[in-house]
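Could you walk me through this model in my viewer, one selection at a time? I would like to know what to click next and what I will find there.

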Amino acid sequence: MKSLFYFTLLVFFLHTTTAAYQTKYFEQFVDHFNFQSNGNATYMQRYLISDEHWVAGTGPMLFYAGNEGDIVGFKDASGLLTETAPKLGAMVVFAEHRYYGTSLPFSNDSFIDKNIGLLSIEQAMADYAYLLKHLKSSYNAEDIPIIAFGGSYGGILAAYMRIKYPNLITGALAASAPIYWTTGEGNPHGFWKSVTTIFGHNEGCVNRVKEGFAETAKYAQQGKYDVISKGFKTCGQVKSSSLMHLYGWVRNSFTQLAMANYPYPADFFGPLPAFPVNVACEKMLKANTAIEGMLEATSLLYNGTGDKDCFDIYNEYIECSDPTGCSLGLAARSWDYQGCTEIVLPGGSTNITDMFPAIPFTPEIRKKYCETHQHVTPRRDWLALNFWTDNLKLSSNIIFSNGDLDPWRDGGILHDLSPTVVALLVKGGAHHLDLRGSNPQDPPTVVEARKHEVEIISGWIAQHWAQILGNTGQFKKFSKKQIASAVRKIRWNN
């Protein structure tokens, strides 16, 4: 491809794939948009940076838009950036999302009502924009292209950064970004249908799951909650009032197994074996009873280390604004708030299009929950209006990648919207597998998908420099040193 040719002109190919990251902090405004509420108050945003392979002056910046958690975990789960850096001569930056990890605008008081209102997508993106401006200036690299990356919610943020700040972001790779579902578009129950489809790749598995729930419901109707409690090894007695929570706990385990259905052991959601969906189905089908089989399947997630004697279903699955469940800790509080404001998360399971019990979660239920627990009312239409959900084709230079084994896939972009807003199917890929680092067990289709992504990105980088140099026709003739010289002249002239 032409972009590969340009790619060789821009940088030297290096072969090492390791990089050392420094942890740094940047002083951010607490509130970017209201000049009176907090004045010029600031907080320290954490970011990780590696310039080990950066070609000063011409190398691009690969920027990960941090999502709902500690940024170190996302760095560890996004090896594609680290591996691509030496190939592109790039610096790599992982920025932490406000109200997650250590990036707390009001420290321990960040989650009280009067302060948590500054947790929004717009504020987080403004943080990223200011950080990028600072880095370009401090590295004397005003002209370098920046490529945004992200997975899941981070993938949505990467795409939104290209839409909102095209003056900073040259292009974006949005991996496993369910950009339709999180703006209230499409089937609200589609996520659970997708999870069911993934388990359905194993013959007899879906029926076994349904059998397990039916068996549990039968014992509940008979008042045999001691049998249910013993069958699922719960630490406390299951009662009629907690039966639906038990169902949610089980449902959540199948959700996580589907998302982390990687071709090798991984610990993104805890220690899991390779292809955990296949392992779960095998265990369920071999078990003596359907409930016993469901216990073995859920144990893959909740007892991966094998050291639990019982399951504390109230700490392992927290009901919140996200029906896929929240955990304990501050990150869960932040995500719960976001699910109550801008982000639209899945509706309930139906037991019609999916294998789970009917657990309703309508907009009305969500509204009541959010007004009670977060003291806010969701605004379902805001994200779609603010970030062009109906007109994403008007943007440019965005890759929307989705794995065919990812339950979030059907909530994302599955077809090209324009020549430069493209969909990439990652065959054999679970949740943003293409962002993860290389592994000998990666299917060839995943390896090829990563290669194709880098080809497209290298083309964006070439176009960026061609526009700066102002002569696309002669661009091929420039060596790396000439490009660097030209960039220096542009700075001097301006």
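## Stop one: a loop and its neighbours

Start by selecting Thr 102, which sits in the loop between strand 4 and helix 4. Keep in mind along the way that this is a predicted model. Thr 102 has a relative accessibility of 41%, so it counts as partly exposed. Now show what surrounds it: setting aside neighbours within four places in sequence, Thr 102 is in contact with Tyr 25, Met 44, Arg 46 and Glu 96. With Arg 46 there is a polar contact between the side chains, at 3.2 Å. For a sense of scale, draw a distance from the C-alpha of Thr 102 to that of Leu 295: it comes to 36 Å, for two residues 193 apart along the chain.

Most residues other than glycine have a negative phi. Select Tyr 99, which lies in the loop between strand 4 and helix 4. Tyr 99 is not a glycine, yet its phi is positive, about 75°. Is Tyr 99 buried or exposed? Its relative accessible area is 0%, so Tyr 99 is buried. Next click on Ser 107, also placed in the loop between strand 4 and helix 4. Ser 107 has a positive phi too, near 55°. At 44% relative accessibility, Ser 107 is partly exposed.

## Stop two: salt bridges

Arg 46 belongs to strand 2 (residues 42-50), while Glu 96 is in the loop between strand 4 (91-95) and helix 4 (113-116); the pair links distant parts of the chain, 50 residues apart. Both Arg 46 and Glu 96 are buried.

Now select Arg 98 and Asp 127, whose side chains meet in a salt bridge of 2.8 Å, N to O. Arg 98 is in the loop between strand 4 and helix 4 and Asp 127 is in helix 5 (residues 121-138), so this pair ties together parts 29 residues apart in sequence. Arg 98 and Asp 127 are both buried.

For another pair, jump to Arg 409 and Asp 410. Their salt bridge has its closest N and O atoms 3.3 Å apart. Arg 409 is partly exposed, with a relative accessible area of 26%, and Asp 410 is partly exposed as well, at 42%. How many salt bridges does a search of the whole structure find? The search gives 10.

## Stop three: the largest pocket

The largest pocket holds about 1,100 Å³ of space. It is lined by 44 residues, and those closest to its centre are Glu 68, Gln 256, Phe 269, Gly 325 and Ser 327. By residue class, the lining divides into 19 nonpolar, 16 polar and nine charged.

## Stop four: a threonine in a helix

Select Thr 216, found in helix 8 (residues 205-221). Its relative accessible area is 1%, so Thr 216 is buried. A polar atom of the Thr 216 side chain lies 2.8 Å from the backbone oxygen of Gly 212. Beyond the neighbours within four places in sequence, Thr 216 is in contact with Ile 228, Phe 232, Leu 243, Leu 246, Tyr 247 and Ile 291.

## Last stop: a tryptophan

Finish at Trp 388, placed in the loop between helix 16 (382-386) and strand 7 (398-403). Trp 388 counts as partly exposed, because its relative accessibility is 33%. Leaving out neighbours within four places in sequence, Trp 388 is in contact with Ile 163, Leu 383, Leu 394 and Ser 395. Draw one more distance, back to Glu 68: the C-alpha atoms of Trp 388 and Glu 68 are 22 Å apart in space, and the two residues are 320 apart in sequence.

Definitions and conventions:
Residues numbered from 1 in each chain as written. Predicted model: local features only at pLDDT ≥ 70, side-chain atom pairs only at ≥ 80, totals over all residues. Heavy atoms only, no water. 1 Å grid on protein atoms, 1.4 Å probe; cavity = no way out; pocket = protein on both sides within 12 Å on 5 of 7 lines; lining within 4 Å. Points joined across faces, edges and corners; volume = space filled by probe spheres on them. Nonpolar A, V, L, I, M, F, W, Y, C, P; charged D, E, K, R; others polar. Helix = DSSP H or I, 4+ residues; strand = E, 2+ residues; numbered from the N terminus. Buried < 20%, exposed > 50% of the residue type's maximum accessible area, 1.4 Å probe, protein only. Polar contact = N/O pair within 3.5 Å; in protein donor to acceptor, adjacent residues only side chain to side chain. Contact = heavy atoms within 4.5 Å. Salt bridge = Lys/Arg side-chain N within 4 Å of Asp/Glu carboxyl O.
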